[in-house]
Amino acid sequence: MTDRDERARNVEVVRRYLRTFVTKDLAELAEVVHEDVEVYGSGTGVRGRRHPEAAVSSPGLTVLDQEILEIFAAEDRVVVSLAQTYRRDATGATTVQSACKMYRLADGRIVQFWGEQDTYGLLRGLGLLPDEPITF
């Protein structure tokens with residue numbers, strides 16, 4: 001397999017993983033995410049596929065749409081910037097959350113990823129935090 005072929009395969013694996021946030025297909029997630037995946041973000045690090053599975057199947061929260069704004073592959077890494085439209089099922093409120101993620105792949109599966117997303121904006125947009133400035 002050429003480097004170009006491997007990069008293309010890695011991009012497709014990451015696209016499949018991201019698509020599971022819309023489809024909630026945990027079988028597909030298991031195909032593309034290693035069982036002992038390492039996940040880093042928001043100042044923490046955890047290990048195990050159960051963590052992304054929990055994020056994909058968040059009860060009461062539905063991803064209505066996903067837009068990959070940019071995706072870039074280099075060697076065994078794929079970097080993505082994206083926007084997801086969420087709905088809070090209890091109220092019908094919707095909002096868009098932006099995120100930037102970096103994935104490392106081995107043998108066609110995600111083995112590590114790092115990222116940040118606008119959780120504060122998501123919570124405000126869904127009416128879970130007051131829509132006013134925070135005073136420090």
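## Basis of the model

The structure is a predicted model, in which local features need pLDDT of at least 70 and side-chain atom pairs count only at pLDDT 80 or more, while totals for chains, interfaces and linings use all residues. Residues are numbered from 1 along each chain as its sequence is written, and side-chain values use heavy atoms, with hydrogens and water left out.

The predictor's confidence in each residue, pLDDT, runs from 0 to 100. Its mean over the chain is 95, and 100% of the residues reach 70 or more. Helices (H or I, at least four residues) and strands (E, at least two) are DSSP runs, numbered from the N terminus. Among the elements of the chain, the highest mean pLDDT, 98, belongs to helix α2 (residues 26-32), and the lowest, 92, to helix α4 (residues 119-125).

## Sheet and hairpin

Two strands are taken to pair if DSSP finds at least two bridges between them. On that basis, 6 strands form an open sheet with mixed pairing, in the order β2-β1-β6-β5-β4-β3. Its edges are β2 (44-47) and β3 (61-74), each of which pairs on one side only. From one strand to the next, the twist averages 20°. Strands of a sheet pair through backbone hydrogen bonds, either parallel or antiparallel.

Strand β1 (residues 33-41) runs antiparallel to β2, and 4 bridges join the two. E38 has R47 of β2 as its bridge partner, and G41 stands opposite T44 in β2. The hairpin of β1 and β2 has 2 residues between the strands, and S42 takes a positive phi near 50° there.

Helix α1 (residues 3-23) lies across β1, β3, β4 (77-88), β5 (94-106) and β6 (109-117), and runs at about 165° to β3. For such angles, axes are lines fitted to C-alpha atoms, for helices over the stretch in contact, and the values run from 0 to 180 degrees between N-to-C directions.

R16 lies in helix α1. Contact means heavy atoms within 4.5 Å; leaving aside residues up to four places away in sequence, R16 touches E28, E31 and V32. R16 and L29 are 13 residues apart in sequence, with their C-alpha atoms 7.6 Å apart in space.

## Aromatic cluster

Rings of Phe, Tyr and Trp (its six-membered ring) pair if their centres lie within 6.5 Å; planes under 30 degrees apart count as stacked, over 60 as edge-to-face and the rest as tilted. A search of the whole structure finds 5 aromatic pairs. One of them, Y17 with Y103, is edge-to-face, at 5.8 Å centre to centre and 70° between the planes. Y17 lies in helix α1 and Y103 in strand β5, so this pair ties together parts that are 86 residues apart in sequence.

F113 is buried, at a relative accessible area of 6%. Ring pairs link Y17, F21, Y103 and F113 into a cluster.

## Positive phi in loops

Most residues other than glycine have a negative phi. K24, which is not a glycine, has a positive phi of about 60°. K24 is found in the loop between α1 and α2 and counts as partly exposed at 33% relative accessibility.

D107, likewise a residue other than glycine, has a positive phi near 55°. D107 is found in the loop between β5 and β6 and counts as exposed at 75% relative accessibility.

## Annotated region

An unreviewed UniProt entry lists residues 14-112 for "domain: SnoaL-like". UniProt positions are given in the numbering used here, feature names are shortened, and annotations may be inferred rather than shown by experiment. Over residues 14-112 the chain is 24% helix and 57% strand, and the end C-alpha atoms are 12 Å apart.

Definitions and conventions
Buried < 20%, exposed > 50% of the residue type's maximum accessible area, 1.4 Å probe, protein only.
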